[in-house]
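Take a look at the protein below. This briefing walks through its layout by topic.

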Amino acid sequence: MGDVGMPRLSDSMEEGTILRWMKASGDEVKRGEEIAEIETDKATMAYEADADGVLEIVAAEGATLPVGDLIARIGGSGGSGAGDAGSGDGAVAASPDEPRPPTSSPGEADDGSSPAVADSAAPAPVVEAPVDKPGGASVEAVSTSSGNGAAPTPAGERVKASPVARRLAQEKGVDLHAVSGTGPGGRVVKADVEGATPGQAPAPAAVSEAVSAPAAAPSAPAPASSGGAKGDVTLQELSRTQTLVARRMAESKALVPEFTLTTRIDMDRCVELRGQLKELGLEATPSYNDMVVRACALALREYPRANGSYNRDGKFELYSRINVGIAVAAPDTLVVPTIFDADTKSLDTIAKDSRNVAERVRSGEITPPELSGGTFTVSNLGMFGVTEFTAVINTPQAAILAVGQMAPTAVVRDGEIVSRNIMAVTLTSDHRILYGADAAQFLGRIKALLESPASLML
């Protein structure tokens with residue numbers, strides 16, 4: 001019987017979360033058949049079996065495991081009978097003789113949606129968010145594993161429930177303490193709450209014992225909300241993508257000695273060029289951001305250190321390919337798909353590629369390969385009315401360009417005040433590889449290309 005480890009589905013992947021098993025333990029699977037949905041640091045992908053045989057599931061849905069850790073086995077007929085791992089909220093039991101891999105607090109994938117999963121790379125107790133109790137008090141406790149179909153949780157103990165189940169319980173007025181959990185580890189899931197009766201609550205005496213206040217509490221003005229001066233507090237678990245963004249941005253600010261340079265670009269000729277391209281009826285008329293991407297790609301060809309990184313061994317890494325990432329806002333997160341070989345692509349091809357990847361990001365169809373391999377990043381907030389801002393470097397890249405709104409501005413030309421379409425751009429650079437003069441020349445080249453955009457068409 002062959003072991004199936006957590007696969008590495010992207011170059012930056014360190015761990016993955018099993019969202020849903022598409023096959024159950026004991027099912028016959030064929031090589032190339034999809035058996036699980038796995039959430040990585042960048043996207044959700046279906047994992048295919050690499051051999052024929054009977055599937056034995058080891059890791060439960062919701063488990064977060066490092067790359068290489070055992071998640072299943074595929075072997076001959078007559079599997080070991082691990083617990084049912086069908087789609088939905090069913091639990092998965094580990095093999096009796098095999099220790100269960102450590103898991104983070106599992107989320108729930110109701111109707112195929114991605115769960116919210118806390119980042120966890122080592123065995124640790126699962127700390128859950130507080131549940132509001134009658135009277136506005138809250139209780140925190142460290143949850144422990146329990147079997148599926150567990151009895152209702154005693155009122156004084158912490159309820160294990162998915163974020164979807166908590167939200168639905170609040171909407172329906174269902175007390176989670178009175179609900180039997182059928183999810184992994186006895187976790188209360190959406191289906192459990194849907195079958196519960198609104199208004200169910202534990203005995204008042206049990207609640208009072210769990211959240212009783214000190215007998216001699218000093219008198220004070222009552223807060224505006226029962227949850228305290230800040231009102232009721234809701235803890236929201238992060239998705240794997242949000243966790244990755246948070247960690248990498250913190251690392252970037254803590255480790256990278258960055259500096260910023262800002263310039264203002266006269267975009268009048270770009271406006272004229274775009275008007276001419278629109279008249280041609282192209283399949284995808286280039287946007288101003290597409291022009292910026294093309295200008296950056298051409299400038300990166302001339303300034304190779306801007307297309308590199310400073311590695312941990314104290315060396316410069318210079319890349320032969322110029323792959324420009326474009327920051328795209330997705331629901332509750334930020335994703336950076338890549339325009340590969342942007343220096344060799346025409347402006348209209350870049351326009352088609354950028355629209356395609358942006359649509360795939362927003363539809364959730366983007367794949368890890370499309371989010372990997374970036375050597376430089378462009379972040380544009382001009383469409384939100386932001387005139388100027390500073391972006392955080394997408395490590396280990398050497399720099400990132402922040403693009404603001406283009407707007408008519410009064411400027412002096414030939415001694416006269418005239419109106420021009422001006423756009424502010426700010427380059428944030430890693431001073432370990434890109435020095436002040438180098439960065440200034442690189443930014444100046446981007447400015448020159450956009451102010452004479454005919455070169456963008458070559």
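In which loop does M6 lie? M6 sits in the loop between β1 (2–5) and β2 (15–21). This is a predicted model, in which local features need pLDDT of at least 70 and side-chain atom pairs count only at pLDDT 80 or more, while totals for chains, interfaces and linings use all residues. Residues are numbered from 1 along each chain as its sequence is written, and side-chain values use heavy atoms, with hydrogens and water left out.

**Overview**

- The protein has 8 helices and 22 strands. Helices (H or I, at least four residues) and strands (E, at least two) are DSSP runs, numbered from the N terminus.
- Of the 458 residues in the protein, 45% are buried. Buried means under 20% relative accessible area, exposed means over 50%, and partly exposed lies in between (1.4 Å probe, protein chains only).
- Take the contacts between residues at least 6 apart in sequence: 64% of them join residues at least 24 apart. Contact means heavy atoms within 4.5 Å.

**Around M6**

- M6 is buried, with a relative accessible area of 2%.
- Leaving out residues up to four places away in sequence, M6 touches several residues, including M13, I18, I38, L65 and I71.
- M6 and A59 are 53 residues apart in sequence, and their C-alpha atoms are 9.7 Å apart in space.

**The open sheet**

- Six strands form an open sheet with mixed pairing, in the order β13-β22-β21-β20-β16-β19. Two strands pair if DSSP finds at least two bridges between them.
- β13 (258–266) and β19 (338–339) stand at the edges. Each has a single partner strand, so one side of each is left without a neighbour in the sheet.
- Strands of a sheet pair through backbone hydrogen bonds, either parallel or antiparallel.
- β16 (residues 324–326) and β19 run antiparallel, joined by 2 bridges. G325 has T338 in β19 as its bridge partner.
- β16 and β20 run parallel, joined by 3 bridges. I326 has V378 in β20 as its bridge partner.
- β20 and β21 are parallel too, with 4 bridges. N380 has V403 in β21 as its bridge partner.

**β20, inside the sheet**

- How many of the 5 residues of β20 are buried? The count is 5 of the 5, so β20 is largely enclosed by the rest of the structure.
- Both faces of β20 are covered. F376, V378 and N380 are buried on one side, and T377 and S379 are buried on the other.

**Helix packing**

- Helix α5 (residues 268–279) lies across β13, β21 (399–413) and β22 (416–430). α5 runs at about 95° to β22. Axes are lines fitted to C-alpha atoms, for helices over the stretch in contact, and angles run from 0 to 180 degrees between N-to-C directions.
- The axes of α6 (residues 288–302) and α8 (residues 436–451) come within 9 Å and cross at roughly 135°. That makes α6 oblique to α8. Angles under 35 degrees count as roughly parallel, over 145 as roughly antiparallel, 65 to 115 as roughly perpendicular, and the rest as oblique.
- The α6–α8 crossing is right-handed. A crossing is right-handed if the near helix is turned clockwise from the far one by less than a right angle, and left-handed if anticlockwise.
- The contact of α6 with α8 involves M291, V292 and A295 of α6, among others, and residues of α8 including F442, I446 and L449. By class, this contact has 11 nonpolar, no polar and 2 charged residues. Ala, Val, Leu, Ile, Met, Phe, Trp, Tyr, Cys and Pro count as nonpolar, Asp, Glu, Lys and Arg as charged, and the others, Gly among them, as polar.
- α6 also packs with α7 (residues 347–363), at an angle of about 115° and with axes 9 Å apart. This crossing is right-handed.
- D290, M291, V293 and R294 of α6 meet L347, I350, A351, S354 and R355 of α7. These divide into 5 nonpolar, 1 polar and 3 charged residues.

**Backbone features**

- Most residues other than glycine have a negative phi, and most peptide bonds are trans.
- T395 and P396 are joined by a cis peptide bond, with omega about 5°. P396 lies in the loop between β20 (376–380) and β21.
- D341 has a positive phi, near 50°. D341 is in the loop between β19 and α7, and is partly exposed at 24% relative accessible area.
- D414 has a positive phi, near 55°. D414 is in the loop between β21 and β22, and is exposed at 82% relative accessible area.
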